[in-house]
Amino acid sequence: MKHIKISLYLILTVFVFHSCKEETKKVVKAEPVVFKKEGELSIFKQKTDSLIASFDIEIAESEYETQTGLMYRKSMKADRGMLFIFPEVAGHSFYMKNTEFPLDIIFIKEDMTIANYHENAQPLNESSLPSQGAVQYVLELNAGLVQNFGIQPGDSIAFTKL
């Protein structure tokens, strides 16, 4: 009986040491998120209806796309942006969690006029950046473009999907 206990102990010991053996760890390399042109967007002056600026845009419509936005990207070219299209007109709030470069965040009403904006939203900052009232669209551009183009509440947008 003593020999059986010793044999069982040896078998268990070998099993435990064998199962704890270092296995080669697989390295998973994340693919960088790249811009995919899904539409074009123009911004127009309120009083003159003159063109202020045009951008190639990515469009975020699904729940996953709207929650992820521009997260995990290092930068964005100056002539690009991301347009968020929400199924309902409501107050919306954004933050910069996992967003690595500064943005101007523009809130747009259902009638395509600009309600308000937040300039120079800082990377990785999780402070709430809310709309002022109900909006259906949000446009994210590189920080500084609202000021550079003189974009104001009341100006309007037009966009096309490709």
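View 1. The model is predicted, so local features need pLDDT of at least 70 and side-chain atom pairs count only at pLDDT 80 or more, while totals for chains, interfaces and linings use all residues. Residues are numbered from 1 along each chain as its sequence is written, and side-chain values use heavy atoms, without hydrogens and water. A pocket is an open set of points on a 1 Å grid over the protein atoms alone, where a 1.4 Å probe fits, with protein on both sides within 12 Å along at least five of seven lines; lining residues have an atom within 4 Å of a point. Its volume is the space filled by probe spheres set on the points, which are joined across faces, edges and corners. Of the 13 lining residues, Y64, E65, T68, G69 and R73 lie nearest the centre. At least two lining residues come from each of β2 (51–60) and α2.

**View 2. The largest pocket holds about 230 Å³ of space.** Among its 16 lining residues, T66, Q67, S93, F94 and Y95 are the closest to the centre. Two or more lining residues come from each of α2 (63–68), β3 (80–90) and β4 (93–94). The most, 3 residues, come from α2.

**View 3. The chain has 3 helices and 9 strands.** Helices (H or I, at least four residues) and strands (E, at least two) are DSSP runs, numbered from the N terminus. Of the 162 residues, 35% are buried, meaning under 20% relative accessible area with a 1.4 Å probe, protein chains only.

Methods
Buried means under 20% relative accessible area, exposed over 50%, partly exposed in between (1.4 Å probe, protein chains only).
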